[in-house]
Amino acid sequence: MLIIEKIQDTWAAICNHYRPGDIEIAGVILSQVVGFIIPATIYLLIDIIFPSFSRKHKLQQRQPTWAQIRHCIKISLMNQIWIAAAHILGVYLQGLDHSFLIMDPKLPSFTMLASDFIFGMAAREILFYYIHRALHHPSIYVYIHKMHHKYTAPISFAAEYAHPVEHVLANVLPIVAPLTIKGTHFLSLMAFTVFELWEAAADHSGYDFLKLPPASIHDLHHEKFRVNYSTLGIMDWIHGTDVVGWDRPKRKEIQFAPGKERKDK
């Protein structure tokens, strides 16, 4: 309880001393760094510092070249920067005395945090699945989503290696929009964003030693392409897209009359 009280006092002091817009800008930058850049870097460093561990736990042994890895990091960071810049610009345009989010000086309750996480994860699972499936449509795929599938054996930074349109539709909106529309507390949204950014990095890391999130689900999607469109696997289970070959025509078994033998050609 003492720790919670100190956090409450610190958060109240921040709300009293800084403008809502300043807090929102700091939260946007901090969530990107803590939730994605640091975890993605750690996952990538495993390959360099612990090569034997990497070979043992990598889901796929074939890996991109260092030139491809540097290119992936560059594009991924550029997507991080321009999204953050767009958000910051929006905050400045509306005025730093205001925020798009709820800046309540009182901490959200544990019940509120839990309900926001459950709601946010369910909404992201549903939104991401249908947006991702749409991006795989032949009339769209070659122009937008093909870029992301350049890495058949993904690395952590590949989570945000995407066309700008895809980055907004698939990476940003399913995480941010549901809780923003719901009107959740700023800290709830930041905590959920950090968690989901880490999950994205883990899903693309090529490592499944934690088993949570189940990185094997999305790694198989990059390897086999037309399978596992969601993040948790729930929507794939519902739609039957969690098995390789779900989209292939089913072979019909030939029925023979009783007493008649099948003649092989």
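I took helices (H or I, at least four residues) as DSSP runs, numbered from the N terminus. I took the expected span of a helix as 1.5 Å times one less than its number of residues.

I noted that this is a predicted model, in which local features need pLDDT of at least 70, side-chain atom pairs count only at pLDDT 80 or more, and totals for chains, interfaces and linings use all residues. Residues are numbered from 1 along each chain as its sequence is written, and side-chain values use heavy atoms, without hydrogens and water.

**Helix α2.** I found that α2, residues 20–49, has 30 residues and reaches 41 Å from its first C-alpha to its last, close to the 44 Å expected.

**Aromatic pairs.** I searched the whole structure and found 11 aromatic pairs (rings of Phe, Tyr and Trp, the last by its six-membered ring, with centres within 6.5 Å; planes under 30 degrees apart are stacked, over 60 edge-to-face, the rest tilted). I recorded Y129 and Y229 as an edge-to-face pair, 6.2 Å centre to centre with 90° between the planes. This pair links distant parts of the chain, with Y129 in helix α5 and Y229 in the loop between α9 and α10, 100 residues apart.

**Charge over a ring.** I noted R133 over the face of Y229, 5.0 Å from the ring centre (NZ of Lys or CZ of Arg within 6 Å of the centre and within 35 degrees of the ring normal).

Conventions: Helix = DSSP H or I, 4+ residues; strand = E, 2+ residues; numbered from the N terminus.
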